[in-house]
Amino acid sequence: MTELEYARKLAELDRLLNDPEVPMRPGDVWDLLAEISQQDLAVVPAQAAA
């Protein structure tokens, strides 16, 4: 996932959680969290190796 895709996913997650006009869709929130956390886990080992 590129940094731009990562930023877009974070922005979408923020919108889903904080925009009162958007209906709560827990499945979408969990899917985004899973994708974001996979990216975060991939970055941590790479930083540790550096």
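Student: Which helix is L13 found in?
Tutor: Heads up, this is a predicted model: local features need pLDDT of at least 70, side-chain atom pairs count only at pLDDT 80 or more, and totals for chains, interfaces and linings use all residues. Residues are numbered from 1 along each chain as its sequence is written, and side-chain values use heavy atoms, with hydrogens and water left out. Helices (H or I, at least four residues) and strands (E, at least two) are DSSP runs numbered from the N terminus. On that numbering, the helix where you find L13 is α1.

Student: How many helices and strands does the protein chain have?
Tutor: Let's count both kinds of element. The protein chain has two helices and zero strands.

Student: Is L13 buried or exposed?
Tutor: Buried means under 20% relative accessible area, exposed means over 50%, and partly exposed is in between (1.4 Å probe, protein chains only). L13 has a relative accessibility of 9%, so L13 counts as buried.

Student: Which residues does L13 contact, leaving aside its neighbours within four places in sequence?
Tutor: Contact here means heavy atoms within 4.5 Å. With those sequence neighbours left aside, the partners of L13 are V29, L32, L33 and I36.

Student: And how far apart are the C-alpha atoms of L13 and D31?
Tutor: Along the chain, L13 and D31 are 18 residues apart.

Student: Which residues form the largest nonpolar core?
Tutor: A nonpolar core is a set of buried Ala, Val, Leu, Ile, Met, Phe, Trp, Tyr and Cys residues joined through side-chain atoms within 4.5 Å. In soluble globular proteins, nonpolar side chains tend to be buried together. The largest core here has six residues: L13, L16, V22, V29, L32 and I36.

Student: Which element gives the largest share of this core?
Tutor: Two elements give two or more residues to this core, namely α1 (3-18) and α2 (26-49). The largest share is three residues, and the helix behind it is α2.

Student: How much of the protein chain do buried residues make up?
Tutor: The protein chain has 50 residues. The buried share of them is 14%.

Student: How many salt bridges does the structure hold?
Tutor: A salt bridge is a side-chain nitrogen of Lys or Arg within 4 Å of a carboxyl oxygen of Asp or Glu. Side chains of opposite charge can pair when their charged atoms come close. In this structure, the number of salt bridges is three.

Student: Which residue meets E35 in a salt bridge?
Tutor: The N to O distance in this bridge is 2.3 Å. The pair links distant parts of the chain, 26 residues apart, with E35 in helix α2 and its partner in helix α1. E35 is partly exposed at 30%, and the residue it meets is K9.

Student: Which residue forms a salt bridge with E12?
Tutor: The closest N and O atoms of this pair are 2.8 Å apart. E12 is partly exposed, at 26%, and its partner is R15.

Student: Which residues does R15 touch, not counting those up to four places away in sequence?
Tutor: R15 is partly exposed, with a relative accessible area of 34%. Setting aside residues up to four places away, R15 touches V22 and R25.

Student: R25 again! Which residue forms a salt bridge with R25?
Tutor: R25 is partly exposed at 32%. The closest N and O atoms in the bridge are 2.5 Å apart, and the partner of R25 is D28.

Student: Last one: how far is the backbone oxygen of A34 from a polar atom of the side chain of S37?
Tutor: S37 lies in helix α2 and counts as partly exposed at 34% relative accessibility. From the backbone oxygen of A34 to that polar side-chain atom of S37, the distance is 3.0 Å.

Notes: Polar contact = N/O pair within 3.5 Å; in protein donor to acceptor, adjacent residues only side chain to side chain.
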